[in-house]
Amino acid sequence: PRHLISAADLTRDDAVLILDTAEEMARVADRPIKKLPTLRGRTVVNLFFEDSTRTRISFEAAAKRLSADVINFSAKGSSVSKGESLKDTALTLEAMGADAVVIRHGASGAPYRLATSGWIDSAVVNAGDGTHEHPTQALLDAFTMRRRLVGPDAGIGRDLDGRRITIVGDILHSRVARSNVHLLHTLGAHVTLVAPPTLVPVGVEQWPCDVSYRLDDVLPKSDAVMMLRVQRERMNAAYFPTEREYSRRYGLDGERMARMPEHAIVMHPGPMVRGMEITAAVADSDRCTAVEQVANGVSTRMAVLYLLLGGSETALPSAAARTE
Ligand code: CP
């Protein structure tokens, strides 16, 4: 089976195919019956070792809209707390007949280990691993940017060539930032990272993007500004910046948003900490796509499951629409 472990593995053709397929899937969501028979009889397991709201729910919705059976596994309340290993957990899932395993794990590299271990035959989808990658988040973000910045129909096959995307906040711990940098570069966009110096990863010079410490200088040159949460749970309490000092320098409020071009959008992968990286007024404004990103996540994840599990040609949404 094929896997989706890293946005860095995707060619431009791969990424455009997923985004175009997601557009087809989004049309299903607009229909009175939001379901396709494509993955009937297939089993998708959501294997979550870390907390999640959006990713877990949207993978579940995506699999159900494709008529797959879904098994939700959460490490909390499972035998992981008794010391069971990833291997034995994986073998248990294999025994349940999983066709795809969607895994979120605190350890960077856990999805790669699962995909290459030989323990299971299923397709593996990375739903966020440690500080490494979150490829379906980057795909749904790119989908949102194409819709908002390129045009309402996204223009099948069109991409983000020349768009200027700014990613602001805790880059050091952000798998969302890493996946977005890779995918946006592949799609021809120009990425600038803005963060306090202590929250920029070592080796960032090797990444295909620019780095700036001055948010106010970058905002007027941005088509999209993606705000990130400061990941308190991944840092020593002594290094955690105070809300006041952080939001003064790196938070997005109404005054700062006014520096952005009129067409520019504000993005946030969630979860948001209102008052820290983004004010409530900005989060609730028309320019903020956070809720739209969640809805787009279902279509994007439908596309990923469909392409990985090889849904039949006749069950493509356009074909299904013709037979109604
Ligand atoms: N964006 C995102 O991954 O959110 P969750 O942690 O709620 O899944």
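How many residues of domain 1 are in contact with how many of domain 2? What we have here is a predicted model. The domain assignment gives domain 1 as 7–134 + 293–323, and domain 2 as 136–290. Their C-alpha centres are 25 Å apart.

Now the count. On the domain 1 side there are 29 residues, and they are in contact with 30 residues of domain 2. Three elements each supply at least two residues of the domain 1 side: α1 (12–29), β4 (123–129) and α11 (290–309). The largest share, eight residues, comes from α1. By class, this side of domain 1 has twelve nonpolar, ten polar and seven charged residues.

Next, the sheets. Start with the one of four strands. This open sheet runs β2-β1-β3-β4, and the pairing is parallel. Its edge strands are β2 and β4, each pairing on one side only. On average, neighbouring strands are turned by 15° against each other, direction ignored.

Look at some pairs. β1 covers residues 43–48 and β2 covers residues 69–74; they pair in the parallel sense over six bridges. Thr 43 has Asp 69 of β2 as its bridge partner. Further along, β3, residues 100–105, pairs with β4 over five bridges, again in the parallel sense. There, Ala 100 has Ala 123 of β4 as its bridge partner.

Which helix packs on this sheet? It is α2, which touches β1, β2, β3 and β4. The direction of α2 makes about 175° with that of β1. Helix α2 spans residues 54–65, and with β1 and β2 it makes a right-handed β-α-β unit.

On to the sheet of five strands. It is open too, with the order β7-β6-β5-β8-β9 and parallel pairing. Why is one side of β7 and of β9 left without a neighbour in the sheet? Because β7 (210–212) and β9 (265–267) stand at the edges, each with a single partner strand. The twist from one strand to the next averages 25°.

Take β6, residues 190–194. It pairs with β7 over three bridges, in the parallel sense. Leu 193 finds its bridge partner in Val 211 of β7. Helix α6, residues 175–186, lies across β5 (164–168), β6 and β8 (224–227). It runs at about 160° to β6.

Last topic: helix packing around α11. First partner, α1. The two helices pack at an angle of about 120°, with axes 7 Å apart. Their crossing is right-handed. From α1, the contact uses Ile 18, Thr 21, Ala 22, Met 25, Ala 26 and Ala 29. They meet residues of α11 that include Val 298, Met 302, Ala 303 and Leu 307. The contact of α1 with α11 has eleven nonpolar residues, three polar and no charged.

Among the α5 residues in the contact are Leu 139, Leu 140 and Phe 143. On the α11 side they include Glu 292, Asn 296 and Arg 301. Here the residues divide into four nonpolar, six polar and three charged.

So what sits in both contacts? Thr 300 of α11 takes part in the contact with α1, and also in the contact with α5.

Notes:
Residues are numbered from 1 along each chain as its sequence is written. This is a predicted model: local features need pLDDT of at least 70, side-chain atom pairs count only at pLDDT 80 or more; totals for chains, interfaces and linings use all residues. Domain bounds come from an automatic or database domain assignment. Two residues are in contact if their C-beta atoms, placed from the backbone, lie within 7 Å. Ala, Val, Leu, Ile, Met, Phe, Trp, Tyr, Cys and Pro count as nonpolar, Asp, Glu, Lys and Arg as charged, and the others, Gly among them, as polar. Two strands pair if DSSP finds at least two bridges between them. A crossover is right-handed if, with the strands pointing away from the viewer, the path from the first strand over the helix to the second runs clockwise. Axes are lines fitted to C-alpha atoms, for helices over the stretch in contact, and angles run from 0 to 180 degrees between N-to-C directions. A crossing is left-handed if the near helix is turned anticlockwise from the far one by less than a right angle, and right-handed if clockwise.
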